[in-house]
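Subject: Structure for your review

Dear colleague,

Please find below the structure that I am handing over to you.

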Amino acid sequence: MKRNKNVLEMVNKVETEAASKKISADQEAAILEMRAEAQYEASKSRYEAAIVESEAEMANVAGLDAMRKHHLAMAKSEVLQEIARRAKIVMSGTTGDALLKDLLG
């Protein structure tokens, strides 16, 4: 009888420890799952923000290109005006025609 009682106590003790470890493992798994889900959502949000940003940049490419061309034309015009102001050069032929075309736009 005493032997059966000891066996039952040991079985109960092992079952209790197993149940406790299972509960701990389940809790840890739930925490890891929540962390993974949070990381996924954060990554998804960063991805979506990058897409929106790149689409906005693509929509503005034409505007940026037009501004760049305008600045280039203005710089070129300033250089040509300075050449015309300082130089007393007579140019003819293809070179003169090209310079005159650049000056007149």
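The notes that follow cover the helix and then the salt bridges.

Please bear in mind that this is a predicted model.

Helix 1

Helix 1 runs over residues 2-86. With 85 residues at 1.5 Å a residue, helix 1 should span 126 Å, and its end C-alpha atoms lie 119 Å apart, which agrees. Helix 1 also has a kink of about 45°, and the kink is centred on N60.

Salt bridges

The count of salt bridges comes to five. Three of them are described here, beginning with the pair K69 and D65.

The side chains of K69 and D65 form a salt bridge with an N to O distance of 3.5 Å. These two residues are four apart in helix 1, so about one helical turn separates K69 from D65. An α-helix has 3.6 residues a turn, so residues three or four places apart point the same way. K69 has a relative accessibility of 48% and therefore counts as partly exposed. D65, at 29% relative accessibility, is likewise classed as partly exposed.

E82 takes part in two of the salt bridges, one with R85 and one with R86. In the pair with R85, the side chains meet at 2.7 Å, N to O. R85 and E82 are three residues apart in helix 1, which means that about one helical turn lies between them. In the pair with R86, the closest N and O atoms are 2.2 Å apart.

R85 is exposed, because its relative accessible area is 55% and the cut-off for exposed is over 50%. R86 is also exposed, at 67% relative accessibility.

With kind regards

Terms used: Residues are numbered from 1 along each chain as its sequence is written. This is a predicted model: local features need pLDDT of at least 70, side-chain atom pairs count only at pLDDT 80 or more; totals for chains, interfaces and linings use all residues. Side-chain values use heavy atoms; hydrogens and water are left out. A salt bridge is a side-chain nitrogen of Lys or Arg within 4 Å of a carboxyl oxygen of Asp or Glu. Buried means under 20% relative accessible area, exposed over 50%, partly exposed in between (1.4 Å probe, protein chains only). The expected span of a helix is 1.5 Å times one less than its number of residues. The bend at a residue is the angle between axes fitted to the seven residues ending there and the seven starting there.
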